[in-house]
Amino acid sequence: MDQIHVEGGVRLEGEVQVSGSKNATLPLMAAALLGEGPTLLRNVPDLADVTTLLQLLRTMGADAERVPGAERHVLRIHAGPDVVPEAPYDLVRRMRASVLVLGPLLARFGRARVSLPGGCAIGARPIDQHLKGFRALGAAISLEGGYVEARADRLRGATVRFDKVTVTGTENVLMAAVLAEGTTVLENAAREPEVEDLARALTAMGARIQGAGSDLITVEGVTRLHGVEHTVIADRIESGTLLVAAAITGGDVLVKGAVAAHLDAVVGKLREAGCTVVATPDGLRCKGPPQLHPVDVQTTEHPGFPTDMQAQLMALLSVADGTSVMSENIFENRFMHVAELRRMGADIRVEGHTAVVKGVHTLSGAPVMATDLRASASLILAGLRASGVTRVARVYHLDRGYEGLERKLQTLGARATRVK
Ligand code: EPZ
């Protein structure tokens, strides 16, 4: 299994291009199932999760491939009428976002059999809100042998009020509603930029959607959708991770392609910590201060501070000149990186869903273990600041959501290498 070795103490400098968004790409790939014609997705990140979903689409009988000669960043997906609307356990267990095929399959093919995703390292992550939405649109839903069986001759528009804001739940029910008969209203919907990007593509496919990006989305159902050519938005979490890399090393980095409007809360916290962050025509530039300041953070739904940046910011605050309080309000088990940061000399105390981070002067390199995607990024960031070498094991977690992070950091001067 690969490891990434980081020798700390280098001030990062220069510019780096951010990749397309993982969390926008996955629902867009599922949405391609709705179109009667091929869909071309551009600016797709080259990630393990994308490979898994391509495999799932092919298993169902869709044409799904990376377009040759496009550096693995362009996908062509075409689902004909003979698709088998089933997502097997073996693929869904590898990537729980596979559940995003449920809405499109149900809407276009009238039935879907999808393995129930289990929990994951960061939480139980049930899909009750997804199923609540499909039932409201008139689908018959049953759970059998670990699979969700969903059926509906034609879905009917309805009002769906989510009891909890859910990103993929909003996306899944939105993709079902676009082919339902009549009007659907999604209340307490997720407002993430990835939901907006999905709505943009669906609208270009012929759907009628109002209010994406707000907590109230209205959909006028149509009878059919066509394929589309769509360019995926930049990855705001990768952008945030690279901004933190600049800040934690006292560096000066331009993250090209970063969208300021998608990162308000993250930029706000970096500025509170003493960083200079400016939006430029190309992206976002971050200059780290000689000394970082403590900051209190609460993770919430967009446009609040994203839970997917919590671990990375914790690495930064572990070397601030004071005490920060971080509250994780989205997932019940997202402090797995704390024990590993402590191995590097961080002073962090966890009480329930709150972590008290007492900044230390220096971290020291150590062998550490990645436990989930964002935790692995946090350990690499801490390694950039630590004295000596940090050896991060189980980086397959990282490869699920970052395209060549160590290569990008190398272009900024980091001594980060992948060791097979
Ligand atoms: C999306 O996951 C992202 N994944 C996650 O990114 C991200 O952390 C999360 O949204 C929150 O921003 C993708 O977009 C592929 P949720 P999702 O449904 O949709 C509870 C990363 O690092 N809930 O918004 O699965 C749930 O347990 C990943 O890239 C229910 O109770 O998250 C959680 O506590 C990790 N019932 C909360 O809501 C439901 O039916 C928010 O989850 C659905 C969710």
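These legends accompany close-up views of a predicted model. Local features need pLDDT of at least 70 and side-chain atom pairs pLDDT 80 or more, while totals for chains, interfaces and linings use all residues. Residues are numbered from 1 along each chain as its sequence is written, and side-chain values use heavy atoms, leaving out hydrogens and water.

View 1. A polar side-chain atom of Asp128 sits 2.7 Å from a ligand nitrogen atom. Ligand oxygen atoms feature too: one is 2.8 Å from a polar backbone atom of Val167, and one is 3.2 Å from a polar side-chain atom of Arg334. Taken alone the ligand exposes 830 Å², of which the protein buries 90% (Shrake-Rupley method, 1.4 Å probe).

**View 2. Helix H12, residues 373-385**. Helices are DSSP runs of H or I with at least four residues, numbered from the N terminus. Because 12 of its 13 residues are buried, H12 is largely enclosed by the rest of the structure; buried means under 20% relative accessible area (1.4 Å probe, protein chains only). Among the buried ones are Arg374, Ser376 and Leu381. At the helix start, a side-chain oxygen of Asp372 comes to within 3.3 Å of the backbone nitrogen of Arg374.

**View 3. The largest nonpolar core.** Such a core joins buried Ala, Val, Leu, Ile, Met, Phe, Trp, Tyr and Cys residues through side-chain atoms within 4.5 Å. Of its 77 residues, Met29, Val101 and Leu202 touch the most other members. Helix H1 (residues 22-31) gives the largest share, 6 residues.

Technical notes:
Buried means under 20% relative accessible area, exposed over 50%, partly exposed in between (1.4 Å probe, protein chains only). Helices (H or I, at least four residues) and strands (E, at least two) are DSSP runs, numbered from the N terminus. A polar contact is a pair of N or O atoms within 3.5 Å; within protein, one must be able to donate a hydrogen and the other to accept it, and residues adjacent in sequence count only if both atoms are side-chain atoms.
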